[in-house]
Amino acid sequence: MVRLYVLLFLVQIALAVCALISCLSAEEGQIRALPRIAWVLIILFFPLVGSIAWFVAGREPSSGARRTWPAGSGSAERSRRPVAPDDDPEFLRSMQDRAQQQDQELFRRWEEDLRRREDDLRRRDGEPPREGDRPEV
């Protein structure tokens, strides 16, 4: 019997904590019937009744609670919703193209830097730079 009382006490405390968090984090326009401080005191002094009263009468129902599910399969609704970037094939393609262009630009700069360094080394050694040995990019 003691275990049942301990369990009910813990449930009551958890409910009171949830109600306090909900009450303290609610916007001013979402609180009904009494001011916020009155709701906090009711929840603290009467944890079980105050918590239940807060959830039933103290706050505005969330906008998601009043919604109803659309009739039908929902495929029309799905087609109108925005697609996440990682699910959008056009976005993925543009990312791939951009990455490929960046890779080509980086490769071109590396090749130019390598040619410049080779020419500098040849000039230092007294050899003229060789133009015919370079592949065309």
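Along the sequence, the protein chain of this predicted model follows the pattern α-α-α-α-α. Its secondary structure comes to five helices and zero strands, where helices (H or I, at least four residues) and strands (E, at least two) are DSSP runs numbered from the N terminus. Residues are numbered from 1 along each chain as its sequence is written, and side-chain values use heavy atoms, with hydrogens and water left out. Because the model is predicted, local features need pLDDT of at least 70 and side-chain atom pairs count only at pLDDT 80 or more, whereas totals for chains, interfaces and linings use all residues.

The protein chain exposes about 11700 Å², of which carbon and sulfur atoms supply 60%; accessible areas come from the Shrake-Rupley method with a 1.4 Å probe, and for residues only the protein chains shown count as cover. Of its 137 residues, 12% count as buried (buried means under 20% relative accessible area, exposed over 50%, partly exposed in between; 1.4 Å probe, protein chains only). Among contacts (heavy atoms within 4.5 Å) between residues at least 6 apart in sequence, 46% join residues at least 24 apart.

One aromatic pair is found in a search of the whole structure. The ring centres of Trp39 and Trp54 lie 5.6 Å apart with the planes at 70°, so the pair is edge-to-face. Rings of Phe, Tyr and Trp (its six-membered ring) pair if their centres lie within 6.5 Å; planes under 30 degrees apart count as stacked, over 60 as edge-to-face and the rest as tilted. The pair links distant parts of the chain, with Trp39 in helix 2 and Trp54 in helix 3, 15 residues apart. Trp39 counts as buried at 5% relative accessibility, and Trp54 counts as buried at 0%.

Both tryptophans also touch Ile31, whose contacts beyond its neighbours within four places in sequence are Cys23, Ala26, Arg36, Trp39, Trp54 and Gly58. Ile31 lies in the loop between helix 1 (2-25) and helix 2, and counts as buried at 14% relative accessibility. The C-alpha atoms of Ile31 and Arg59 are 4.7 Å apart in space, although the two are 28 residues apart in sequence.

Helix 5 (residues 89-125) has 37 residues and should span 54 Å at 1.5 Å a residue; its end C-alpha atoms are 54 Å apart, which agrees. The expected span is 1.5 Å times one less than the number of residues. Helix 5 is followed by Gly126, whose phi is positive, near 90°.
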